[in-house]
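Keep the structure open as you read.

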Amino acid sequence: MKKQTKVMATLSTAALLALGFSAVSMAAGWDNSTGAWRYLNNDGSEVVDEWKSANGDWFYLDSDGVMATDKLIEDETGKTTKYYYVDQYGAMVKNTWKAVAMDDDDNSDLDAEYWWYYFGNDGKAYTTDSDKVLKKSTIKTINGLKYGFDEEGHMLYGWTDSVNHTQDDNDEELWKTAEYYFNGWNDGHAQTGWAQIAVEDDNETKNYWFYFSGDGVKKTKHCKINGKYYAFASDGHMIDEWVISSTSDTDWRTDFASKDYDAASISYLNGDGSVRKNQWIWAVADEDWLDDDDYHWFYTDKKGLLVTDQVKKINGKYYAFDANGIMKKGFVQLNNNSVDGFDTDKYTADEWCDQDLGVVYYFSSDEEKDGARKSGYQNIELADDTYQFYFQNNGEGKTQYDTKIKKFTVSGLILKPTNDDNNNYGAITDDGKHIVTDYDDMKEGMKLVNKQGCLVTSKTAVKDENGAYWQTDKNGVITNKAADKDEYDAKRDKKNEDHKGVDLWAATKK
């Protein structure tokens, strides 16, 4: 530490002589007839344990009457002990630092080799009464830096409690409760701003980051620093990565094993300790929070809290997050505003249609690149094959006949013949939730769709690849089903005859 030094106007022996003090005994005043400077009363007795001045400087006469030199003076005059220091010429020092060797008893539990004192403008050492709390009014500013002193004038160093000024270098837990850090024993200025300090925690040496205010007080809560928010544990060390936030902002914590929280109160802190707000997080959850070693995408809101159980618009796209804040990929259902994902590999197309899944949404399965909600046509793999789905502009995969695309969908799955079906046409069952492609299962009254799933409307003599023939009305309803052309013609003629000569086909077009 760069100590303040000052050339003191001290009174040397020569100076005393120059002022008229001789080396012979005098009736009163300064005397060095014995080879040591003393001060005599009018009766010739020696002054002891008292200050005397000469030419504007003060000198102390010890208990043996000899002027003290290069020594710490404990002046017990009055109610409190005052501490001074006299230099090698015996003059009281002012506005300067002095290092004083420790007593053996002082050094038992301390790393320091000596005590530092600072003596003010009146020569008294700066002190803080034992019953006084260290605070702005009791911490001294010297050359622009702040220092603390105990009741005996010792400069404080290291971790220090505001209400307990006793130094104890063996206390490895003191950092957790101490409000101040006064640096090393040969430095001692109060730390302000950011500082990385090695401490013992859980029987390990850890290099934690701390932040100290301009008054030197350690931060122990969530706070804003230079425009960014940071979280500090109750012991003051800066928290990084996952943290459980507190509504009181006084104790952000990391005890995920407690389970007394929900994901909506969790934040993520950057490597520099600042709270990540309105940002994506690609990370593994704390092991005591989620028993999951996989990386997932998370997103934080404007307060830095995880977005949970909702679909959120981010940069023009929509993303789904479950109750744990994990971005969902693939299929998602919204049940009472709860986001539920489910695996598609457990459903075949037929099973999908049997489940009555209702409205579903689809979010990109390539979570590392996107994960956004999809709309329009999507080719999606189920348990037995890859199938075509269609989702509305709002992402809904519905069960309906969609007049826009003129196709039937079941929770977004388009009902149409597959490549494995031995037919280019299929019929939609009466419930509108299944497709049949076998000739025997396709009935008049069902609706006919083609290979693309489009409704076949107002068609006569539609021939499939197996030689069967179909006729549909303007709504796509099958009005004539025949195994071949002869049967088709015969059935048509019969229907026309039943209708008293009215062409059935012409009638269906009206």
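## A residue and its neighbours

Leaving aside residues up to four places away in sequence, Val 462 touches Tyr 425, Leu 448, Val 456, Ala 468, Tyr 469 and Trp 470; contact means heavy atoms within 4.5 Å. Val 462 counts as buried because its relative accessibility is 9%, and buried means under 20% relative accessible area with a 1.4 Å probe, protein chains only.

Val 462 lies in strand β34 (residues 462–463). Strands are DSSP runs of E with at least two residues, and helices are runs of H or I with at least four, numbered from the N terminus.

## About the model

This is a predicted model, where local features need pLDDT of at least 70, side-chain atom pairs count only at pLDDT 80 or more, and totals for chains, interfaces and linings use all residues. Residues are numbered from 1 along each chain as its sequence is written, and side-chain values use heavy atoms, with hydrogens and water left out.

## The largest pocket

Which residues lie nearest the centre of the largest pocket? They are Tyr 387, Lys 416, Pro 417, Thr 418 and Asp 421, out of 21 lining residues. Elements giving two or more residues to this lining are α3 (349–354), β27 (386–391), β30 (413–414) and β32 (435–436).

A pocket here is an open set of points on a 1 Å grid over the protein atoms alone, where a 1.4 Å probe fits, with protein on both sides within 12 Å along at least five of seven lines; lining residues have an atom within 4 Å of a point.

## The second largest pocket

Of the 20 residues lining the second largest pocket, Gly 158, Trp 159, Asp 169, Asp 171 and Tyr 181 are the closest to its centre. Strand β13 supplies the largest share of this lining, four residues.

Methods:
Buried < 20%, exposed > 50% of the residue type's maximum accessible area, 1.4 Å probe, protein only.
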